[in-house]
Amino acid sequence: MNDGKSKRVAALSQAAQEKKRFASEATDKAIRKLTSSNQPITIANVARLAGVSTSYIYKYPELKERIHSLSHQQRPVPSQKTASNNSQATIIYTLRSEIKRLNAMLLESKQANQVLIGKLYQQQDTQKLLEHLKLENQKQVEQIQQLQSANELLKQELELAQSPKVSSSDKIVDFYQENQPAQILDSFLNEELQSELKLLGIKLNEPLNKLVKSSSKQQIKNALSVVKEALSTGTKIRSKVGLFRKALESGWVPSQSDEDRVASQLEATFSEWYCLAKASGLIIASQRTEQGIIVYEPNGQAVSFETMLERGWTLEYLRQRQQR
């Protein structure tokens, strides 16, 4: 490659980067404007406000997928109490569409990689092409992670919509009272679980008994398994009752690392917090990034999840606010 050709290639590359930067800034501004005015976030609307063509947006998969992600999040969160069969069917259809789109993106990524690998053997400057290939792969990984996050959010919304209310027949009655022997549990907690509680020496006080009543049978089994696992491995624990309560509150499962437990607890906390915050009109959308979770206020301002908690919008406060 002679010097003249290298300069022309460099100039074209710089011009393309500058054009992409200008379009990115224009589209970001358009997205914020659509978000603050509560207008539909679509490729056509973003292209119109940004002054670019829709075909230009389709040239950049990361921009296209970001618009799709925000557009899906504008859909109202289905209510657990009022979700009808039709709304549940809509959520299921949306979820399947997301999964199908994710699979299509994986296929496109494989095909793009094959094309780039072919070009790698055809070019003399193999090092530059290799770096370009790595950059494209990283972009594709980020896009897939964003799709997986959106897919996971849809799954959580579906679970919220389909989870039945806990009836009186599904709850546990008090079976430890002050100065009284253990009473018989209802059909929800069978004799096997009663025996495990007694064998481990876990006695339900009033607060813990209320927590057990609000938990599912599988959650109770998992919490008991966490306690038994700690005892069998010789892990030093201060209180079996305390460990049982913490495992039940956090939804721990046996053979799970502390890091995984913290991650699962944070995910469950944000899922409930997001539903309550959106129902209260506090936020209108969310997005997972490499720096963490970002939420969008009604005015279109992007704020980190941690900042919202520092402002006092904690999960406990939103729960109390909903009960008023």
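This report describes a charged surface patch and a nonpolar core in one predicted model.

Local features in the model need pLDDT of at least 70 and side-chain atom pairs count only at pLDDT 80 or more, while totals for chains, interfaces and linings use all residues. Residues are numbered from 1 along each chain as its sequence is written, and side-chain values use heavy atoms, with hydrogens and water left out.

**The positive patch**

On the surface, Lys-29, Arg-32, Lys-33 and Arg-48 gather in a patch of positive charge (patch residues have over 30% relative accessible area and no salt bridge, and like charges are joined within 9 Å; a salt bridge is a side-chain nitrogen of Lys or Arg within 4 Å of a carboxyl oxygen of Asp or Glu). Helix α1, residues 3-36, gives the largest share of this patch, three residues, where a helix is a DSSP run (H or I) of at least four residues, numbered from the N terminus. Lys-29 has its place in helix α1.

**The nonpolar core**

The largest nonpolar core holds 19 residues, of which Ile-202, Leu-224, Phe-244 and Leu-248 touch the most other members; such a core is a set of buried Ala, Val, Leu, Ile, Met, Phe, Trp, Tyr and Cys residues joined through side-chain atoms within 4.5 Å. Two or more residues each come from α7 (191-200), α8 (206-213), α9 (217-232) and α10 (240-250), and α9 gives the most, with six residues.

**Two residues side by side**

Val-212 is found in helix α8, and its C-alpha atom is separated by 8.7 Å from that of Arg-245, 33 residues apart along the chain. The table uses relative accessible area, with buried under 20%, exposed over 50% and partly exposed in between (1.4 Å probe, protein chains only).

| Residue | Relative accessible area | Class |
|---|---|---|
| Lys-29 | 59% | exposed |
| Val-212 | 2% | buried |

Technical notes:
Patch = residues over 30% accessible without salt bridge, like charges linked within 9 Å, V, L, I, M, F, W, Y side chains within 5 Å. Areas by Shrake-Rupley, 256 points an atom, 1.4 Å probe, with all protein chains shown as cover. Lys, Arg positive; Asp, Glu negative; His and termini not counted. Charge placed at Lys NZ, Arg CZ, Asp CG, Glu CD.
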